Amino acid sequence: MMSLVCLACGVALAGVSLSVPARSAALERWSGVCLVLGLGLLGVALHGARG
């Protein structure tokens with residue numbers, strides 16, 4: 001569940017970065033961090049579910 005929250009936050013931050021050009025660099029950086037973290041957590045969860 002946490003992985004889906006991280007992925008959703010990453011997508012939301014990416015969307016916000018498009019509407020706030022002054023803060024876009026920082027928001028895109030955090031968006032990337034959230035997306036990588038979410039994908040990593042999802043990979044760990046799927047690997048744990050397999051065996």
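Okay, housekeeping. Since the model is predicted, local features need pLDDT of at least 70 and side-chain atom pairs count only at pLDDT 80 or more, while totals for chains, interfaces and linings use all residues. Residues are numbered from 1 along each chain as its sequence is written, and side-chain values use heavy atoms, with hydrogens and water left out.

Let's start with H2. Helix H2 covers residues 24-50; helices here are DSSP runs of H or I, at least four residues, numbered from the N terminus. Its 27 residues should span 39 Å at 1.5 Å a residue (1.5 Å times one less than the number of residues), and the end C-alpha atoms sit 38 Å apart, which agrees.

So which residues of H2 are buried? Ser24, Leu27, Ser31, Cys34 and Gly38, where buried means under 20% relative accessible area with a 1.4 Å probe, protein chains only. They pack against H1.

Now the geometry. The axes of H1 and H2, lines fitted to C-alpha atoms over the stretch in contact, come within 7 Å and cross at roughly 160 degrees, the angle running from 0 to 180 degrees between N-to-C directions. That makes H1 roughly antiparallel to H2 (over 145 degrees).

Last stop, Ser17. Ser17 lies in H1, residues 2-19, and is buried at a relative accessible area of 5%. Beyond its neighbours within four places in sequence, Ser17 is in contact (heavy atoms within 4.5 Å) with Ser24, Leu27 and Glu28.

Key: Helices (H or I, at least four residues) and strands (E, at least two) are DSSP runs, numbered from the N terminus. Buried means under 20% relative accessible area, exposed over 50%, partly exposed in between (1.4 Å probe, protein chains only). Angles under 35 degrees count as roughly parallel, over 145 as roughly antiparallel, 65 to 115 as roughly perpendicular and the rest as oblique.
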